[in-house]
Amino acid sequence: MGIWSCLGQDIDQVRDSLFEGKSGIGIEPMRKEYGYRSMLTGIVPKPALKGVLDRRTRAGMSEEAEYAYMASTQAFNAAGVDDDYLLNNEVGVIFGNDSSALPVIETARIMNEYRDSAMCGSGLIFQSMNSTVNMNMSTIFHLRGINFTVSAACASGSHAIGLGFMMIQQGLQDMVLCGGAQEANHMSMASFDALSAFSIRHDEPTKASRPFDRDRDGLVPSGGAAAVVLEDYDHAVKRGAKIYAEVLGYGFSSNGTGGISQPNSDASYLAMTRALERSGVNPDEIDYINAHATSTPQGDMYEAVALARLFEGRKAWISSTKSMTGHECWMAGASEIVYSTIMLNNGFVAPNINFENPDEQSAKLKIAADTKQTELRTILSNSFGFGGTNSALVIRKL
(Lines give C-alpha, C1' and ligand atoms only; values in the text may rest on other atoms or scores of the structure.)
Protein backbone atom coordinates (compact mmCIF):
# COMPACT_ATOMS: atom_id res chain seq x y z
CA MET A 1 0.00 0.00 0.00
CA GLY A 2 1.03 3.62 -0.54
CA ILE A 3 -0.30 7.04 0.46
CA TRP A 4 0.15 10.72 -0.36
CA SER A 5 -2.05 12.79 1.92
CA CYS A 6 -2.23 15.80 4.19
CA LEU A 7 -1.22 13.48 7.06
CA GLY A 8 2.06 12.56 5.40
CA GLN A 9 3.62 11.40 2.19
CA ASP A 10 4.47 7.84 3.13
CA ILE A 11 3.14 5.08 5.37
CA ASP A 12 5.43 5.86 8.32
CA GLN A 13 4.56 9.57 8.40
CA VAL A 14 0.86 8.80 8.15
CA ARG A 15 1.08 6.14 10.87
CA ASP A 16 2.59 8.69 13.26
CA SER A 17 -0.03 11.33 12.41
CA LEU A 18 -2.87 8.86 12.94
CA PHE A 19 -1.49 7.70 16.28
CA GLU A 20 -0.87 11.26 17.49
CA GLY A 21 -4.24 12.56 16.28
CA LYS A 22 -2.44 15.16 14.19
CA SER A 23 -4.61 17.20 11.83
CA GLY A 24 -3.51 18.01 8.28
CA ILE A 25 -6.01 20.85 7.85
CA GLY A 26 -5.06 24.49 7.36
CA ILE A 27 -6.01 27.79 5.72
CA GLU A 28 -5.55 28.65 2.03
CA PRO A 29 -6.19 32.43 1.72
CA MET A 30 -6.56 32.34 -2.09
CA ARG A 31 -9.87 30.53 -1.62
CA LYS A 32 -11.32 33.67 -0.05
CA GLU A 33 -9.92 35.79 -2.87
CA TYR A 34 -11.44 33.40 -5.39
CA GLY A 35 -14.89 33.79 -3.82
CA TYR A 36 -15.21 30.85 -1.43
CA ARG A 37 -17.04 31.07 1.86
CA SER A 38 -14.47 28.69 3.36
CA MET A 39 -10.68 28.97 3.28
CA LEU A 40 -10.18 25.61 4.99
CA THR A 41 -8.51 22.69 3.24
CA GLY A 42 -6.23 19.72 3.75
CA ILE A 43 -2.67 20.87 3.02
CA VAL A 44 -1.29 18.45 0.43
CA PRO A 45 2.20 19.10 -0.99
CA LYS A 46 2.72 18.84 -4.73
CA PRO A 47 5.07 16.00 -5.77
CA ALA A 48 8.39 16.97 -7.36
CA LEU A 49 8.42 14.83 -10.49
CA LYS A 50 10.92 16.74 -12.61
CA GLY A 51 13.84 14.39 -13.10
CA VAL A 52 11.71 11.45 -11.99
CA LEU A 53 9.43 11.24 -15.03
CA ASP A 54 10.19 12.65 -18.48
CA ARG A 55 8.61 15.90 -19.66
CA ARG A 56 6.28 14.23 -22.15
CA THR A 57 4.85 11.96 -19.45
CA ARG A 58 4.45 14.82 -16.97
CA ALA A 59 2.58 16.90 -19.57
CA GLY A 60 -0.30 14.43 -19.58
CA MET A 61 -0.56 14.08 -15.81
CA SER A 62 -3.24 15.87 -13.81
CA GLU A 63 -2.64 16.84 -10.21
CA GLU A 64 -4.45 13.74 -8.98
CA ALA A 65 -2.45 11.53 -11.36
CA GLU A 66 0.75 12.92 -9.84
CA TYR A 67 -0.48 12.02 -6.36
CA ALA A 68 -1.52 8.58 -7.62
CA TYR A 69 1.91 8.00 -9.13
CA MET A 70 3.56 8.65 -5.76
CA ALA A 71 1.14 6.38 -3.89
CA SER A 72 1.33 3.63 -6.52
CA THR A 73 5.15 3.68 -6.55
CA GLN A 74 5.13 3.16 -2.79
CA ALA A 75 2.55 0.37 -3.09
CA PHE A 76 4.49 -1.54 -5.74
CA ASN A 77 7.73 -1.14 -3.76
CA ALA A 78 6.04 -2.48 -0.61
CA ALA A 79 4.66 -5.39 -2.65
CA GLY A 80 8.11 -6.26 -4.01
CA VAL A 81 6.90 -5.59 -7.55
CA ASP A 82 9.54 -4.00 -9.77
CA ASP A 83 9.59 -2.83 -13.37
CA ASP A 84 10.82 -6.19 -14.63
CA TYR A 85 7.88 -7.95 -12.97
CA LEU A 86 5.39 -5.47 -14.45
CA LEU A 87 6.85 -5.91 -17.93
CA ASN A 88 6.55 -9.69 -17.76
CA ASN A 89 3.27 -10.20 -15.89
CA GLU A 90 -0.29 -9.01 -16.36
CA VAL A 91 -1.37 -6.53 -13.67
CA GLY A 92 -4.65 -4.59 -13.71
CA VAL A 93 -5.54 -1.11 -12.49
CA ILE A 94 -8.83 0.22 -11.09
CA PHE A 95 -8.83 3.72 -9.57
CA GLY A 96 -11.57 5.90 -8.17
CA ASN A 97 -11.72 9.41 -9.64
CA ASP A 98 -14.88 11.39 -10.31
CA SER A 99 -13.64 14.67 -11.80
CA SER A 100 -10.61 16.53 -13.07
CA ALA A 101 -11.54 20.19 -12.75
CA LEU A 102 -8.34 22.21 -13.11
CA PRO A 103 -7.41 21.14 -16.68
CA VAL A 104 -11.00 21.67 -17.86
CA ILE A 105 -10.93 25.21 -16.44
CA GLU A 106 -7.48 25.81 -17.94
CA THR A 107 -8.66 24.65 -21.39
CA ALA A 108 -11.64 27.02 -21.22
CA ARG A 109 -9.38 29.89 -20.14
CA ILE A 110 -6.99 29.33 -23.05
CA MET A 111 -9.82 29.11 -25.56
CA ASN A 112 -11.50 32.24 -24.21
CA GLU A 113 -8.24 34.17 -24.32
CA TYR A 114 -6.69 33.00 -27.59
CA ARG A 115 -9.60 31.57 -29.60
CA ASP A 116 -7.15 28.96 -30.93
CA SER A 117 -7.33 25.30 -29.90
CA ALA A 118 -3.69 24.78 -30.91
CA MET A 119 -2.74 26.82 -27.84
CA CYS A 120 -4.12 24.06 -25.59
CA GLY A 121 -1.25 21.72 -26.43
CA SER A 122 -1.45 17.94 -26.25
CA GLY A 123 -1.45 17.33 -22.50
CA LEU A 124 -4.70 18.90 -21.31
CA ILE A 125 -6.94 16.27 -22.88
CA PHE A 126 -5.21 13.50 -20.90
CA GLN A 127 -5.37 15.59 -17.73
CA SER A 128 -9.02 16.51 -18.08
CA MET A 129 -10.67 13.10 -18.49
CA ASN A 130 -12.01 11.26 -15.45
CA SER A 131 -9.81 8.36 -16.52
CA THR A 132 -6.68 10.53 -16.18
CA VAL A 133 -5.34 8.45 -13.29
CA ASN A 134 -5.87 5.07 -14.94
CA MET A 135 -4.46 6.07 -18.32
CA ASN A 136 -1.34 7.49 -16.68
CA MET A 137 -0.77 4.62 -14.25
CA SER A 138 -1.32 1.96 -16.91
CA THR A 139 1.18 3.65 -19.24
CA ILE A 140 3.86 4.47 -16.66
CA PHE A 141 3.78 1.07 -14.95
CA HIS A 142 3.13 -1.08 -18.08
CA LEU A 143 -0.16 -2.42 -16.71
CA ARG A 144 -1.84 -4.77 -19.20
CA GLY A 145 -4.76 -6.18 -17.23
CA ILE A 146 -8.17 -4.75 -16.38
CA ASN A 147 -8.09 -0.96 -16.73
CA PHE A 148 -10.96 1.39 -15.88
CA THR A 149 -11.97 4.25 -13.63
CA VAL A 150 -14.70 4.15 -11.00
CA SER A 151 -16.69 7.37 -10.97
CA ALA A 152 -18.88 7.09 -7.88
CA ALA A 153 -18.55 10.35 -5.94
CA CYS A 154 -17.07 9.95 -2.46
CA ALA A 155 -17.34 6.15 -2.60
CA SER A 156 -15.16 5.91 -5.72
CA GLY A 157 -11.98 4.67 -4.01
CA SER A 158 -13.86 2.08 -1.95
CA HIS A 159 -15.75 0.73 -4.97
CA ALA A 160 -12.43 0.48 -6.86
CA ILE A 161 -11.04 -1.82 -4.18
CA GLY A 162 -14.28 -3.78 -4.03
CA LEU A 163 -14.25 -4.34 -7.79
CA GLY A 164 -10.57 -5.32 -7.75
CA PHE A 165 -11.41 -7.82 -5.02
CA MET A 166 -14.18 -9.29 -7.19
CA MET A 167 -11.89 -9.54 -10.24
CA ILE A 168 -9.39 -11.57 -8.26
CA GLN A 169 -12.04 -13.63 -6.46
CA GLN A 170 -13.49 -14.66 -9.84
CA GLY A 171 -10.08 -15.72 -11.13
CA LEU A 172 -9.92 -13.00 -13.78
CA GLN A 173 -6.76 -11.36 -12.40
CA ASP A 174 -3.94 -12.34 -10.06
CA MET A 175 -2.99 -8.76 -9.19
CA VAL A 176 -4.72 -5.39 -9.46
CA LEU A 177 -3.49 -1.93 -8.46
CA CYS A 178 -6.47 -0.22 -6.82
CA GLY A 179 -6.96 3.15 -5.22
CA GLY A 180 -8.43 6.60 -5.30
CA ALA A 181 -7.18 10.10 -6.12
CA GLN A 182 -8.45 13.65 -5.61
CA GLU A 183 -7.06 17.00 -6.74
CA ALA A 184 -6.66 19.55 -3.93
CA ASN A 185 -6.47 22.83 -5.84
CA HIS A 186 -8.92 25.63 -5.06
CA MET A 187 -10.57 25.51 -8.50
CA SER A 188 -11.82 21.97 -7.99
CA MET A 189 -14.21 22.64 -5.12
CA ALA A 190 -16.09 25.89 -5.79
CA SER A 191 -19.34 24.07 -6.59
CA PHE A 192 -19.17 22.25 -3.23
CA ASP A 193 -18.63 25.56 -1.47
CA ALA A 194 -21.72 26.88 -3.28
CA LEU A 195 -23.79 24.28 -1.38
CA SER A 196 -22.58 25.75 1.93
CA ALA A 197 -21.19 22.27 2.60
CA PHE A 198 -17.87 23.48 4.03
CA SER A 199 -16.97 24.42 7.57
CA ILE A 200 -16.24 28.11 8.15
CA ARG A 201 -14.50 27.61 11.51
CA HIS A 202 -11.53 29.70 10.37
CA ASP A 203 -10.33 30.66 13.84
CA GLU A 204 -9.37 27.03 14.64
CA PRO A 205 -8.54 25.19 11.38
CA THR A 206 -7.47 21.95 13.05
CA LYS A 207 -10.75 21.86 14.96
CA ALA A 208 -12.96 22.56 11.95
CA SER A 209 -13.59 18.94 10.95
CA ARG A 210 -15.55 17.38 13.81
CA PRO A 211 -17.43 14.25 12.69
CA PHE A 212 -20.30 13.17 14.96
CA ASP A 213 -19.83 16.21 17.22
CA ARG A 214 -22.95 18.21 18.07
CA ASP A 215 -21.31 21.47 16.96
CA ARG A 216 -20.10 20.38 13.51
CA ASP A 217 -20.77 22.97 10.80
CA GLY A 218 -19.60 21.27 7.61
CA LEU A 219 -16.81 19.30 6.00
CA VAL A 220 -13.28 20.40 5.02
CA PRO A 221 -12.14 19.51 1.48
CA SER A 222 -8.88 17.64 1.02
CA GLY A 223 -7.10 15.43 -1.49
CA GLY A 224 -4.13 13.27 -2.45
CA ALA A 225 -4.04 9.62 -3.42
CA ALA A 226 -3.98 6.15 -1.91
CA ALA A 227 -3.08 2.86 -3.58
CA VAL A 228 -3.18 -0.80 -2.62
CA VAL A 229 -1.85 -3.81 -4.48
CA LEU A 230 -4.53 -6.49 -4.30
CA GLU A 231 -3.35 -10.02 -5.04
CA ASP A 232 -4.61 -13.57 -5.01
CA TYR A 233 -3.46 -15.14 -1.73
CA ASP A 234 -1.70 -18.17 -3.24
CA HIS A 235 -0.05 -15.95 -5.84
CA ALA A 236 1.24 -13.60 -3.11
CA VAL A 237 2.55 -16.46 -0.96
CA LYS A 238 4.35 -18.00 -3.95
CA ARG A 239 6.09 -14.64 -4.58
CA GLY A 240 7.02 -14.29 -0.92
CA ALA A 241 5.11 -11.02 -0.67
CA LYS A 242 4.43 -9.30 2.64
CA ILE A 243 0.69 -9.45 3.28
CA TYR A 244 -0.75 -6.52 5.25
CA ALA A 245 -4.38 -7.60 5.34
CA GLU A 246 -7.02 -9.70 3.63
CA VAL A 247 -10.08 -8.22 1.95
CA LEU A 248 -12.94 -10.37 3.25
CA GLY A 249 -15.99 -8.74 1.70
CA TYR A 250 -17.50 -5.89 -0.26
CA GLY A 251 -21.03 -4.55 0.18
CA PHE A 252 -22.85 -1.90 -1.83
CA SER A 253 -26.21 -0.25 -2.25
CA SER A 254 -27.93 2.75 -3.79
CA ASN A 255 -30.31 5.06 -1.96
CA GLY A 256 -32.77 5.21 -4.84
CA THR A 257 -34.94 7.78 -3.05
CA GLY A 258 -34.75 11.38 -1.87
CA GLY A 259 -32.67 14.21 -3.30
CA ILE A 260 -29.37 13.70 -5.07
CA SER A 261 -27.40 14.80 -1.98
CA GLN A 262 -29.76 13.29 0.62
CA PRO A 263 -28.24 10.56 2.85
CA ASN A 264 -30.20 7.40 3.62
CA SER A 265 -29.66 5.33 6.77
CA ASP A 266 -31.43 2.25 5.38
CA ALA A 267 -29.18 2.11 2.33
CA SER A 268 -26.08 2.65 4.48
CA TYR A 269 -27.22 -0.19 6.72
CA LEU A 270 -27.73 -2.42 3.67
CA ALA A 271 -24.21 -1.81 2.34
CA MET A 272 -22.72 -2.66 5.74
CA THR A 273 -24.81 -5.80 6.25
CA ARG A 274 -23.99 -7.04 2.75
CA ALA A 275 -20.27 -6.57 3.42
CA LEU A 276 -20.57 -8.48 6.70
CA GLU A 277 -22.65 -11.30 5.22
CA ARG A 278 -20.31 -11.77 2.27
CA SER A 279 -17.38 -11.83 4.66
CA GLY A 280 -18.99 -14.45 6.88
CA VAL A 281 -18.54 -12.01 9.78
CA ASN A 282 -21.10 -10.96 12.39
CA PRO A 283 -21.18 -7.51 14.04
CA ASP A 284 -19.66 -8.87 17.27
CA GLU A 285 -16.47 -9.76 15.38
CA ILE A 286 -15.83 -6.21 14.15
CA ASP A 287 -13.14 -4.52 16.26
CA TYR A 288 -13.14 -1.12 14.58
CA ILE A 289 -15.24 0.87 12.11
CA ASN A 290 -13.74 3.63 10.01
CA ALA A 291 -16.87 5.70 9.53
CA HIS A 292 -17.58 7.75 6.42
CA ALA A 293 -18.70 10.66 8.64
CA THR A 294 -17.60 13.87 6.91
CA SER A 295 -18.62 16.40 9.60
CA THR A 296 -21.85 17.51 7.91
CA PRO A 297 -24.99 17.80 10.06
CA GLN A 298 -27.17 15.45 8.01
CA GLY A 299 -24.60 12.95 6.73
CA ASP A 300 -23.18 12.12 10.16
CA MET A 301 -26.65 11.84 11.65
CA TYR A 302 -27.89 9.30 9.09
CA GLU A 303 -24.73 7.22 9.34
CA ALA A 304 -24.94 7.24 13.13
CA VAL A 305 -28.49 5.89 12.91
CA ALA A 306 -27.34 3.06 10.63
CA LEU A 307 -24.29 2.29 12.80
CA ALA A 308 -26.41 2.16 15.95
CA ARG A 309 -28.72 -0.42 14.34
CA LEU A 310 -25.76 -2.76 13.90
CA PHE A 311 -23.26 -1.85 16.60
CA GLU A 312 -24.95 -0.18 19.57
CA GLY A 313 -23.78 -2.02 22.71
CA ARG A 314 -21.12 -4.02 20.84
CA LYS A 315 -17.33 -3.92 21.20
CA ALA A 316 -16.40 -2.09 17.97
CA TRP A 317 -14.63 1.23 18.34
CA ILE A 318 -15.74 3.86 15.81
CA SER A 319 -13.89 6.90 14.50
CA SER A 320 -13.77 9.04 11.40
CA THR A 321 -10.25 9.78 10.22
CA LYS A 322 -11.79 12.70 8.31
CA SER A 323 -11.55 14.56 11.63
CA MET A 324 -7.81 14.78 10.82
CA THR A 325 -7.73 14.63 7.02
CA GLY A 326 -10.88 16.48 6.06
CA HIS A 327 -12.89 14.90 3.26
CA GLU A 328 -10.56 13.42 0.65
CA CYS A 329 -13.53 12.89 -1.67
CA TRP A 330 -12.81 10.49 -4.56
CA MET A 331 -9.71 9.27 -2.72
CA ALA A 332 -11.37 8.75 0.67
CA GLY A 333 -12.64 5.18 0.29
CA ALA A 334 -9.13 4.02 -0.65
CA SER A 335 -7.18 6.15 1.82
CA GLU A 336 -9.37 4.98 4.67
CA ILE A 337 -8.56 1.37 3.82
CA VAL A 338 -4.88 2.33 4.01
CA TYR A 339 -5.45 4.16 7.31
CA SER A 340 -7.38 1.17 8.67
CA THR A 341 -4.68 -1.27 7.56
CA ILE A 342 -2.03 0.86 9.27
CA MET A 343 -4.06 0.64 12.50
CA LEU A 344 -4.55 -3.10 12.01
CA ASN A 345 -0.81 -3.69 11.72
CA ASN A 346 0.20 -1.35 14.55
CA GLY A 347 -2.39 -2.17 17.22
CA PHE A 348 -4.25 1.10 17.66
CA VAL A 349 -7.47 2.94 16.82
CA ALA A 350 -6.91 6.46 15.49
CA PRO A 351 -8.95 9.10 17.30
CA ASN A 352 -12.03 10.95 16.13
CA ILE A 353 -10.47 14.26 17.13
CA ASN A 354 -12.70 17.23 18.00
CA PHE A 355 -15.43 14.93 19.31
CA GLU A 356 -16.38 16.92 22.41
CA ASN A 357 -20.16 16.82 22.60
CA PRO A 358 -22.22 13.94 21.17
CA ASP A 359 -25.60 14.60 19.66
CA GLU A 360 -28.67 12.40 20.12
CA GLN A 361 -27.55 9.87 17.49
CA SER A 362 -23.80 9.74 18.09
CA ALA A 363 -24.31 9.30 21.85
CA LYS A 364 -25.32 5.71 21.06
CA LEU A 365 -21.96 4.91 19.45
CA LYS A 366 -18.64 3.82 20.95
CA ILE A 367 -16.64 6.66 19.44
CA ALA A 368 -12.89 6.81 20.11
CA ALA A 369 -12.29 10.47 20.99
CA ASP A 370 -8.62 9.70 21.67
CA THR A 371 -6.13 7.06 20.52
CA LYS A 372 -6.86 3.54 21.75
CA GLN A 373 -3.97 1.08 21.87
CA THR A 374 -5.63 -2.27 21.30
CA GLU A 375 -5.22 -5.37 19.17
CA LEU A 376 -7.37 -5.30 16.06
CA ARG A 377 -8.26 -8.20 13.79
CA THR A 378 -11.34 -7.26 11.75
CA ILE A 379 -12.28 -3.81 10.44
CA LEU A 380 -15.25 -2.35 8.57
CA SER A 381 -14.78 0.76 6.43
CA ASN A 382 -17.72 2.84 5.13
CA SER A 383 -17.91 5.15 2.12
CA PHE A 384 -21.10 6.92 1.03
CA GLY A 385 -21.38 9.38 -1.86
CA PHE A 386 -23.63 11.92 -3.57
CA GLY A 387 -26.24 10.31 -5.74
CA GLY A 388 -26.80 7.60 -3.16
CA THR A 389 -23.80 5.38 -3.95
CA ASN A 390 -22.73 3.35 -0.90
CA SER A 391 -19.79 1.02 -0.35
CA ALA A 392 -18.51 -0.96 2.62
CA LEU A 393 -15.40 -3.11 2.89
CA VAL A 394 -14.34 -5.64 5.51
CA ILE A 395 -10.64 -6.34 5.99
CA ARG A 396 -8.90 -8.73 8.38
CA LYS A 397 -5.40 -9.25 9.70
CA LEU A 398 -4.03 -12.64 8.64
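Which residue lies over the face of Tyr269? Arg309 does, at 3.7 Å from the ring centre. A charge counts as sitting over a ring if NZ of Lys or CZ of Arg is within 6 Å of the ring centre and within 35 degrees of the ring normal. Lys366 gives another case: its charged end sits over the ring of Trp317, 4.4 Å from the centre. The model is predicted, so local features need pLDDT of at least 70, side-chain atom pairs count only at pLDDT 80 or more, and totals for chains, interfaces and linings use all residues. Residues are numbered from 1 along each chain as its sequence is written, and side-chain values use heavy atoms, with hydrogens and water left out.

Helices (H or I, at least four residues) and strands (E, at least two) are DSSP runs, numbered from the N terminus. Two strands pair if DSSP finds at least two bridges between them. Axes here are lines fitted to C-alpha atoms, for helices over the stretch in contact, and angles run from 0 to 180 degrees between N-to-C directions.

Contact means heavy atoms within 4.5 Å.

Strand E4 (residues 92–96) is mostly covered, with five of its five residues buried. Buried means under 20% relative accessible area, exposed means over 50%, and partly exposed lies in between (1.4 Å probe, protein chains only). In a regular strand the side chains alternate between the two faces of the sheet. In E4, Gly92, Ile94 and Gly96 point one way, while Val93 and Phe95 point the other way. E4 pairs with strand E6 (residues 175–182) in the parallel sense over five bridges. Val93 stands opposite Leu177 in E6. E4 also pairs with strand E5 (residues 147–150), again in the parallel sense, over four bridges. There, Phe95 has Thr149 as its bridge partner.

A further open sheet is formed by five strands in the order E8-E14-E13-E9-E10, with mixed pairing. Strand E8 (246–254) and strand E10 (317–319) stand at the edges with a single partner strand each, so one side of each is left without a neighbour in the sheet. Strand E13 (residues 378–385) and strand E14 (residues 389–396) pair in the antiparallel sense over eight bridges. Asn382 has Ala392 in E14 as its bridge partner. Helix H12 (residues 265–279) packs on the sheet and touches E8, E13 and E14, with its direction at about 150° to that of E8. Helix H13 (residues 297–311) lies across strand E9 (288–290), E10 and E13, and runs at about 150° to E13.

Ser383 belongs to strand E13. Its relative accessibility is 1%, so Ser383 counts as buried. Not counting residues up to four places away in sequence, Ser383 touches several residues, including Cys154, His292, Gly333 and Asn390.

The structure also holds eight aromatic pairs. Rings of Phe, Tyr and Trp (its six-membered ring) pair if their centres lie within 6.5 Å; planes under 30 degrees apart count as stacked, over 60 as edge-to-face and the rest as tilted. Phe192 and Trp330 have ring centres 6.3 Å apart and planes at 55°, so this pair is tilted. Phe192 lies in helix H10 (residues 190–194) and Trp330 in the loop between helix H14 (322–325) and helix H15 (332–346), so the pair ties together parts that are 138 residues apart in sequence. Both Phe192 and Trp330 are buried. Ring pairs link Phe192, Phe198, Trp330 and Phe386 into a cluster. Tyr250 and Phe252 also form a tilted pair, because their ring centres are 5.3 Å apart and their planes are at 50°. Tyr250 is buried, with a relative accessible area of 6%, whereas Phe252 is partly exposed at 31%.
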